[in-house]
Amino acid sequence: MKPFRSSDTAKERPGGKGRIPLRKLVPNMITLLALCAGLTAVRLAFEGRFQEATVFILLAAFLDGVDGRVARLLRSASRFGAELDSLTDFVNFGVAPAVILYAWGLNELTSVGWIGVLIYAICAALRLARFNVALEDPNKPKWTANYFVGIPAPAGACTALLPLYLDFLGLPRFEITGGAVLVYVLLIGFLMASSVPTFSGKLVGPQVDRAWVMPLFVVFVLFLGLLASFPWSVLTACTLLYFAMIPVSIMRYRRNARLRSG
């Protein structure tokens, strides 16, 4: 989500009058493009095209990461953009993944599967609402900006689709798949709504040591090549790696809390 300041809209005239710089519209256009990707994923799920639906959810997650950075780069963050981004996140990462999972396998559990969809979507809504409130908390310690409270919605959506990644890899689907997927989806929902600290990515810092530039280029190209050649294997590995990082983030968060308090 894009942070905003009240001064960002101070020059806008009431009643919708006045002129708005074009740069202020670019991040919102990216956000709307992400919304189109999420809604298209739902349509593809209805058509039984689950691989394409998954790709569009991943595209929506990528665009969600881009729009905020573009807003900061162009200095065009606004309250409108923040609200639009939050609503888009709920559709793309709260509703769309749950509907895709229901159409793919949770419908085997009929009403029980649908209850799982509702709980996941509600957890995503609660997570986003809490995030919006936390942005306006003036007493929040600065060091906590390095951590999310709970799994962020885009990461929750990408990890929730793990059963589909495994299916695309050709793993057999047993009769218990529906129940196992339900438990897994509920777990992801609870992690989103929980207070578990997870890395926000800001620990990396805005700058990179010169010695790491070339290795990072090589790793980036290698990752893109593997993702293009073996997408579902790479996404499965990334999901498992993300889960493995959660205990690390919890321990580091608690250590930082002890150091700041003591």
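Me: What is the relative accessible area of Arg49?
Reply: Start with the scale. Buried means under 20% relative accessible area, exposed means over 50%, and partly exposed lies in between (1.4 Å probe, protein chains only). Arg49 has 37%, so Arg49 is partly exposed.

Me: What should I know about the model first?
Reply: This is a predicted model, in which local features need pLDDT of at least 70 and side-chain atom pairs count only at pLDDT 80 or more, while totals for chains, interfaces and linings use all residues. Residues are numbered from 1 along each chain as its sequence is written, and side-chain values use heavy atoms, leaving out hydrogens and water.

Me: With which residue does Arg49 form a salt bridge?
Reply: A salt bridge is a side-chain nitrogen of Lys or Arg within 4 Å of a carboxyl oxygen of Asp or Glu. Arg49 pairs with Glu47. Their closest N and O atoms are 2.9 Å apart. Arg43 also forms a salt bridge with Glu47, again with 2.9 Å between the closest N and O atoms.

Me: Which class does Arg43 fall in, buried or exposed?
Reply: Arg43 has 51% relative accessibility, so Arg43 counts as exposed. Glu47 has 40%, so Glu47 counts as partly exposed.

Me: How many salt bridges does the whole structure hold?
Reply: A search finds 4. One of them joins the side chains of Arg79 and Glu83, at 3.0 Å from N to O.

Me: Where do Arg79 and Glu83 lie?
Reply: Helices are DSSP runs of H or I with at least four residues, strands are runs of E with at least two, and both are numbered from the N terminus. Arg79 and Glu83 both lie in helix 3, residues 79–104. They are 4 residues apart, about one turn of the helix. Arg79 is partly exposed because its relative accessibility is 40%. Glu83 has 35%, so Glu83 is partly exposed too.

Me: Which residues do salt bridges with shared partners join into one network?
Reply: Arg43, Glu47, Arg49 and Glu52.

Me: How many helices and strands does the chain have?
Reply: The chain has 9 helices and 2 strands. From the N terminus on, the order is α-α-α-α-β-α-α-α-β-α-α.

Me: What share of the chain is buried?
Reply: Buried residues make up 38% of the 262 residues. Take Thr159, in helix 5, residues 153–160. Thr159 has 4% relative accessibility, so Thr159 counts as buried.

Me: Which residues does Thr159 touch?
Reply: A contact means heavy atoms within 4.5 Å. Leave out residues up to four places away in sequence, and Thr159 touches Tyr184, Ile188, Thr239, Tyr242 and Phe243.

Me: What share of contacts in the chain join residues at least 24 apart?
Reply: Count contacts between residues at least 6 apart in sequence. Of these, 85% join residues at least 24 apart.

Me: What separates the C-alpha atoms of Ala257 and Trp143?
Reply: The separation is 9.1 Å. Along the chain, Ala257 and Trp143 are 114 residues apart. Ala257 sits in helix 9. Its relative accessibility is 28%, so Ala257 counts as partly exposed.

Me: Where is Arg254 placed?
Reply: Arg254 is in helix 9, residues 231–261. Arg254 counts as exposed because its relative accessibility is 54%.
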